[in-house]
Amino acid sequence: MITIENIHKSFQGKSILNGISGVFEQGKPNLIIGASGTGKSVLLKCIVGLIPPDEGHIYYDDKEFTNASRDLKTEIRREIGMLFQGGALFDSKTVEQNVMFPLDVLTKMPAGEKIDRVNFCLERVGLKGQNNKMPSEISGGMQKRVGIARAIVNSSRFLFCDEPNSGLDPQTSILIDDLILEITEEYNITTLVVTHDMNSVLGIGSRIMFLYKGVKCWEGTKDEITDSGVKEFDDFVFANKVMQRLR
Amino acid sequence: MEALGKYFIFLGKLLVNRESFGTYVKLVIDECMAIGINSIFLVSLVSFFMGAVTTIQTAYNLISPLIPDYVISLVVRDMTILELAPTIIGVIYAGKVGSSMASGLGTMRISEQIDALEVMGINSTSYLVLPKVIGSVLMYPLLVILAGLLSMIGGYLAGHLTGVITPTEYIYGIRFEFNPYMVTFAMIKSLAFAFLVATISSFKGYYTTGGAVEVGKASTSAVTQSVIAILTADYLLAQLLLK
């Protein structure tokens, strides 16, 4: 479980996040949604420690992360897996080397076990036999799946996904969403997904936090999105023609 | 001043929260290959012609019956060891290796690969930059030794083929009143230049923000600032060590 309390962040005097609090539960995908420029990715980067918040606290289970010592931060981070918007695969390494990377650097696992673990993870994301391909030789959807395999290879307890469906076709997006849902439930991890894709919201939105201009505007589940009673949220949800028809 | 402070903090980060020793061994070997082996051709070519041209130009300027011919090779030797091999090759090294380091790290930064390392709990500065610095400090002095040798061979061949100096006189001049401290001085300079090029270029690349255009700008800036640092260090070291 991840808890955030009163997170504030400004860049050059401009407030991006304004007092955001919330709880992200274990074993189900937690979605942070909102229009472009509302601070979703900044919030995610604050939570994983890539950007220090100006104010507020972040807790991984009961461990305070924001003001933690370097060693404790490293310890927590080694339980984190993250899927980046562009995949962030190491382009000079093969698919296998990318997935094996956290094991190579962070563990003392024997080589045979590492290969078995990598093959297991690649099979789990539907990329069996793609070990020797370079990231440039595979599609965007496959790169995202390699990113997921790399995120889970070290038995991470926390999974973060930044716009996992950006640049993907609807069918591949559904595959990625399903994969995130399955992995979250199967390994009982705390998953946090930043997205503005309504298909994802409807598909895997067990817990949804809606941000509007840096403020948490609404929180609920995918079953509650049609009667939120919040104008900004309705405007966001029903901006899509398909959603308008459904309404 | 802010950038200078940030640079020193960056240097400090190289040494803290490192991964295991074994992790760095392969990385350093890879960097040595990328930095050293891949630079041999360019360094050899430049050094050879540098020696050849220095010989011919020195001969052209020293036409006097009062000056013995072996002075030509003596000048070539001293210029090569004291200045041409460490400094001119340093400028070329900044252009080739420094720009490559800056653009590589810049691309990793804008494609979030550095963020990926940080999220995994890996000190990206130490993991990515320390092997480059070690590789540079190990390989550049060797490149300078090669450059010095090839420069003198280039001078020998040019002198012999053009007839400005006989091989015997050339070798006599090369050996005449040789002061081994010159080599020590060249090695100290090469270590300093290798460190400066690797750290400045990595610093510029590591803190790249934006997109492809900014990666290009970071690469250009890395070369410019490395060259300025080399020339400044060259002057300071000459003042300090040649008294």
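This is a predicted model: local features need pLDDT of at least 70, side-chain atom pairs count only at pLDDT 80 or more; totals for chains, interfaces and linings use all residues.

Modeller: We may begin with the overall make-up of chain B.

Biologist: How many helices and strands are there in chain B?

Modeller: Chain B has nine helices and zero strands. Along the principal axes, the C-alpha atoms of chain B fill a box of roughly 70 × 35 × 35 Å.

Biologist: What share of chain B is buried, and what share of its contacts joins residues at least 24 apart?

Modeller: Of the 243 residues in chain B, 44% are buried. As for the contacts between residues at least 6 apart in sequence, 88% of those in chain B join residues at least 24 apart.

Biologist: How is the packing of two helices described? At what angle do H4(B) and H6(B) cross?

Modeller: One gives the approach of the axes, the angle and the hand of the crossing. Helix H4 of chain B (residues 70-110) and helix H6 of chain B (residues 124-162) have axes that come within 8 Å and cross at roughly 145 degrees. The crossing of H4(B) past H6(B) is right-handed. Sorted by class, the residues in this contact of H4(B) with H6(B) are 16 nonpolar, six polar and two charged.

Biologist: Which residues of H9(B) are buried, and against what do they pack?

Modeller: The general idea comes first. An α-helix has 3.6 residues a turn, so residues three or four places apart point the same way. In H9(B), the buried residues include Val215(B), Ala218(B), Ala222(B), Val223(B), Ser226(B), Val227(B) and Ile230(B). The buried residues of H9(B) pack against H4 and helix H8 (181-206) of chain B. Helix H9 (residues 212-241) has 30 residues and reaches 42 Å from its first C-alpha to its last, close to the 44 Å expected at 1.5 Å a residue.

Biologist: Let us turn to chain A. In what order do the strands of its open sheet lie, and which are the edge strands?

Modeller: Four strands form this open sheet of chain A in the order E2-E1-E4-E5, with antiparallel pairing. Strand E2 (14-24) and strand E5 (63-64) of chain A are the edge strands, as each pairs on one side only. Two bridges join strand E4 (residues 55-60) of chain A to E5(A), and Tyr60(A) has Lys63(A) as its bridge partner in E5(A). Helix H1 of chain A (residues 40-48) packs on the sheet and touches strand E1 (2-11), E2 and E4; the direction of the helix makes about 120 degrees with that of E1(A).

Biologist: How does one read the two faces of a strand? Are the residues of E6(A) buried or exposed?

Modeller: In a regular strand the side chains alternate between the two faces of the sheet. In strand E6 of chain A (residues 80-83), Ile80(A) and Met82(A) lie on one side and Gly81(A) and Leu83(A) on the other, and all are buried. E6(A) pairs in the parallel sense with strand E7 (residues 158-162) of chain A over four bridges. Met82(A) stands opposite Phe160(A) in E7(A), and Leu83(A) stands opposite Cys161(A).

Biologist: Which residues of E7(A) point each way, and in what sense does E7(A) pair with E8(A)?

Modeller: Phe158(A), Phe160(A) and Asp162(A) point one way from E7(A), while Leu159(A) and Cys161(A) point the other way, and all are buried. E7(A) and strand E8 (residues 190-195) of chain A pair in the parallel sense, over five bridges. Thr191(A) in E8(A) is the bridge partner of Leu159(A).

Biologist: Finally, how many residues are in contact between the two chains?

Modeller: 13 residues of chain B are in contact with 15 residues of chain A. Helix H5 (residues 113-119) of chain B gives the most to the side of chain B that touches chain A, with five residues. By class, that side of chain B has four nonpolar, five polar and four charged residues.

Technical notes: Residues are numbered from 1 along each chain as its sequence is written. Chains are lettered from A and ligands numbered from 1 in the order in which they are written. A residue is buried if 20 or more other C-beta atoms lie within 10 Å of its own, exposed if 12 or fewer, and partly exposed in between; C-beta atoms are placed from the backbone. Two residues are in contact if their C-beta atoms, placed from the backbone, lie within 7 Å. Axes are lines fitted to C-alpha atoms, for helices over the stretch in contact, and angles run from 0 to 180 degrees between N-to-C directions. A crossing is left-handed if the near helix is turned anticlockwise from the far one by less than a right angle, and right-handed if clockwise. Ala, Val, Leu, Ile, Met, Phe, Trp, Tyr, Cys and Pro count as nonpolar, Asp, Glu, Lys and Arg as charged, and the others, Gly among them, as polar. The expected span of a helix is 1.5 Å times one less than its number of residues. Two strands pair if DSSP finds at least two bridges between them.
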